[in-house]
Amino acid sequence: MRSYGEYCSIARALDLVGDRWTLLIVRELLVQGPCRFTDLKNGLPSIAANLLSTRLGELKESGLIDTVDAPPPVATTLYELTDTGRALEPTLRTLGLWGMQFMATERPGDTFRAQWLAYAPAWFTADTDPDGPPLTIQLIASGEHAVVELGDGGVRTRVGRAADPDLTIEGPPRAVLGLLTGLIDLDGATALGLTTHGRLEALDRLRPVTEPGPPEPISSRYQSVSRADR
């Protein structure tokens, strides 16, 4: 594992997770839970199998993941995050929220997976009516299915199909995710090919999470200290 060779917490963190694909492996283990090698490879279709093996070995050596033996009839090795690895979830949420500003376009050749459709509402939206009745929203994007369940003040998501959803939203990923996360409104999403069926008022229960205001720049604080010492 390469190192930046700096006595800095940011550099030390990037020593562990700064290599290409590493944080996306962590993402898959966060949203899928314990995974077989093939599960991870399916969730990261562009990574070479030998590079995935290398990254998994590095993450295990660093104490971010561990391996467990699944019981029969699966009887295979599963990869799972350790407590140290799971502690990266707030970092990935913040990074994903910051990255939403770059999601206005879909690039040719971009892949899309159901688990990415599922985690976005759970991470980037909140329930505006915590005391409201349970609601279920079926999401369909690029043939991938995910379910959003609202109730008890929480937004829960899963991959798959709902038996009797209150609302079904279907369209290209850009339209579905853009609508859910507040990047575009319903008219804009419809113009991109989004269709809906059911109770549109269910959308009013989803409030996009926004970034907190920026803190005072660290440089400013250091400058004020240094000037006071002069």
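Ground rule for rings first: I pair Phe, Tyr and Trp (its six-membered ring) if the centres lie within 6.5 Å, calling planes under 30 degrees apart stacked, over 60 edge-to-face and the rest tilted. This is a predicted model, so I keep local features only at pLDDT of at least 70 and side-chain atom pairs only at pLDDT 80 or more, while totals for chains, interfaces and linings use all residues. Residues are numbered from 1 along each chain as its sequence is written, and side-chain values use heavy atoms, with hydrogens and water left out.

**Rings**

I looked for clusters and got one formed by Tyr-119, Trp-123 and Phe-124. The structure holds 5 aromatic pairs. In one of them, Phe-112 and Trp-116, the planes sit at 85° with the centres 6.2 Å apart, so I log it as edge-to-face. Tyr-119 and Phe-124 are also edge-to-face, because their planes make 70°, at a centre distance of 6.2 Å.

Next I checked burial (buried is under 20% relative accessible area, exposed over 50%, partly exposed in between; 1.4 Å probe, protein chains only). Phe-112 and Trp-116 are both buried. Tyr-119 has 19% relative accessibility, so it counts as buried. Phe-124 is at 4% and therefore counts as buried.

Helices here are DSSP runs of H or I with at least four residues, strands are E runs of at least two, and both are numbered from the N terminus. Axes are lines fitted to C-alpha atoms, for helices over the stretch in contact, and angles between N-to-C directions run from 0 to 180 degrees.

How do H2 and H7 pack? I get about 75° between helix H2 (residues 22-32) and helix H7 (residues 114-124), with the axes 10 Å apart. Contact means heavy atoms within 4.5 Å. On the H2 side I list Arg-27, Glu-28, Leu-30, Val-31 and Gln-32, which meet Gln-115, Trp-116, Tyr-119 and Trp-123 of H7.

**The sheet**

Strands pair if DSSP finds at least two bridges between them. I find 5 strands in an open sheet of mixed pairing, ordered S6-S5-S4-S7-S8. Its edge strands, S6 (154-159) and S8 (195-198), each pair on one side only. Averaged over neighbouring strands, the turn is 20°, direction ignored.

S4 (residues 135-141) runs parallel to S7 (residues 167-171) in their pairing, over 5 bridges. I noted Leu-167 in S7 as the bridge partner of Ile-137. H7 turns up again here: it packs on the sheet, touching S4, S5 (144-151) and S6, with its direction at about 180° to that of S6. Last entry: helix H8 (residues 173-180) lies across S4 and S7, at about 135° to S7.
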